[in-house]
Amino acid sequence: MTKIAIQETLDSPATIIASEDKRAPYHSPSDKLAPQDNNLINESKFKVIIPNIEVICTNILTLESVTRCIELANISHHVNGYSSVLEWTQNTRDECLIILCSLGSAETHRVIEHDLLEVISINPKSKVIIISDLEQSHQISRSLEIGAKGFIGMSSTFEIVLAAIRLVWAGGQFIPVSSLGGAGPMVGETSVNTARGGKLTQRELEIIKCIRRGERNKIIAATLNIKESTVGVHIRNIMRKLEAKNRTDLSLKAKQILD
C-alpha cells in the first residue's frame, strides 16, 4: 500500500513526502487509482487537466514508456516526448510541465547541472520534475535549489507519479522520503556555506571569481564553456544565496566569505 503525507511549507503551498511498501502491486495507467485509506491523497482533489506535459530523456525506451503511460492516464491535453533539450527548444510551449528523466549517476548529474539549468533559463515559468533511478539526498537537494519542483525515484509506483505531477502543477513541491536525510555536495564538488545557510557550489564559486575580475556573462560563458543563459541562472542563484542586490554587492559579500 502506497502512503503519501502532505507537509505544508513556507516556500510552497505543499510539499509531498512519499513512502511506499515495496510489495505494493503495480497499477497500470488504465487502473482506477483510488485511495485505500485516509492517509492517501484523494485523487479528486487534484483532478485537473494540464495543458502540456513535455518529457525529455536520452534513453528512447524510457522516453516512450513514460510518455505513453502519461498519455493513457488522460491528465493532459498534449503529451510530447523529446530525446534532448535541443530538440525540445524547437517546440517548447509557455504553459507546460516538463519531466526530465535520467538513468545512472553520470546522466543524473548532467541532467541536474546542465539540462535543468538550460530548461529553466529558456522557460523560467515552466514547472520541472526530475525522474531518476537514483534518490540520493544531495541530488534531490541540488535539483530543488536550482528550481525543480519535484524529484521522483523510479522505485515509485505510477500512482505516486500521477500525484506528484498534479501537485506540482497545482503549485506544490514533491520530494521522496529519502531526501529527509542530510544533503551533501555533489560528488567531485566542493561547497562553501553562506551566512544565510545556503551553499555555494564549485561552479558558483568559479563564476564568482569571474565576476570579481569584472568579466561579463558572455566572457564567463566562454571561459567556463557553458551557455550565457546558464551563467545568468547561476548568478541569480548566487545573488539569492548571498542576498546581493547587484553584481557589485555580490562581489563585496563574496569577498567577506571567501577571502
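Reader: What does Glu-206 count as, judged by its relative accessibility?

Author: A residue is called buried under 20% relative accessible area, exposed over 50% and partly exposed in between, using a 1.4 Å probe and protein chains only. At 26% relative accessibility, Glu-206 therefore counts as partly exposed. Arg-203, at 27%, also counts as partly exposed. Please note that this is a predicted model, in which local features need pLDDT of at least 70 and side-chain atom pairs count only at pLDDT 80 or more, while totals for chains, interfaces and linings use all residues. Residues are numbered from 1 along each chain as its sequence is written, and side-chain values use heavy atoms, with hydrogens and water left out.

Reader: With which residue does Arg-203 form a salt bridge?

Author: Side chains of opposite charge can pair when their charged atoms come close. The term salt bridge requires a side-chain nitrogen of Lys or Arg within 4 Å of a carboxyl oxygen of Asp or Glu. Arg-203 forms such a bridge with Glu-206, and their closest N and O atoms are 3.0 Å apart. Helices (H or I, at least four residues) and strands (E, at least two) are DSSP runs, numbered from the N terminus. Because Arg-203 and Glu-206 are three residues apart in helix 6 (residues 202–212), about one helical turn separates them. Elsewhere, salt bridges that share partners join Glu-113, Arg-142, Glu-145, Glu-204 and Lys-241 into one network.

Reader: How far apart in the chain are Glu-145 and Lys-241?

Author: These two residues form a salt bridge whose closest N and O atoms lie 2.0 Å apart. The pair links distant parts of the chain, since Glu-145 belongs to helix 4 (residues 137–146) and Lys-241 to helix 8 (residues 228–242), 96 residues apart. Glu-145 is partly exposed at 22% relative accessibility, whereas Lys-241 is buried at 6%. The whole structure holds 12 salt bridges.

Reader: Which side chains make polar contacts with the side chain of Glu-107?

Author: A polar contact is a pair of N or O atoms within 3.5 Å; within protein, one must be able to donate a hydrogen and the other to accept it, and residues adjacent in sequence count only if both atoms are side-chain atoms. The side chain of Glu-107 makes such contacts with those of Thr-58 (3.2 Å) and Arg-110 (2.7 Å). Glu-107 and Arg-110 also form a salt bridge, and they are three residues apart in helix 3 (residues 105–122). Glu-107 is buried at 18%, while Arg-110 is partly exposed at 30%.

Reader: Which residues touch the most other members of the largest nonpolar core?

Author: A nonpolar core is a set of buried Ala, Val, Leu, Ile, Met, Phe, Trp, Tyr and Cys residues joined through side-chain atoms within 4.5 Å. In this core of 26 residues, they are Ile-53, Val-55, Ile-70, Leu-97, Ile-99, Ile-129 and Ile-165. Helix 5 provides the largest share, eight residues. A second, separate core has 21 residues, among them Tyr-82 and Trp-88.

Reader: Where does pLDDT stay under 50?

Author: The predictor's confidence in each residue, from 0 to 100, is its pLDDT. The protein averages 75, and 73% of the residues score at least 70. Values stay under 50 over residues 1–46 and over residues 181–191.

Key. Contact means heavy atoms within 4.5 Å.
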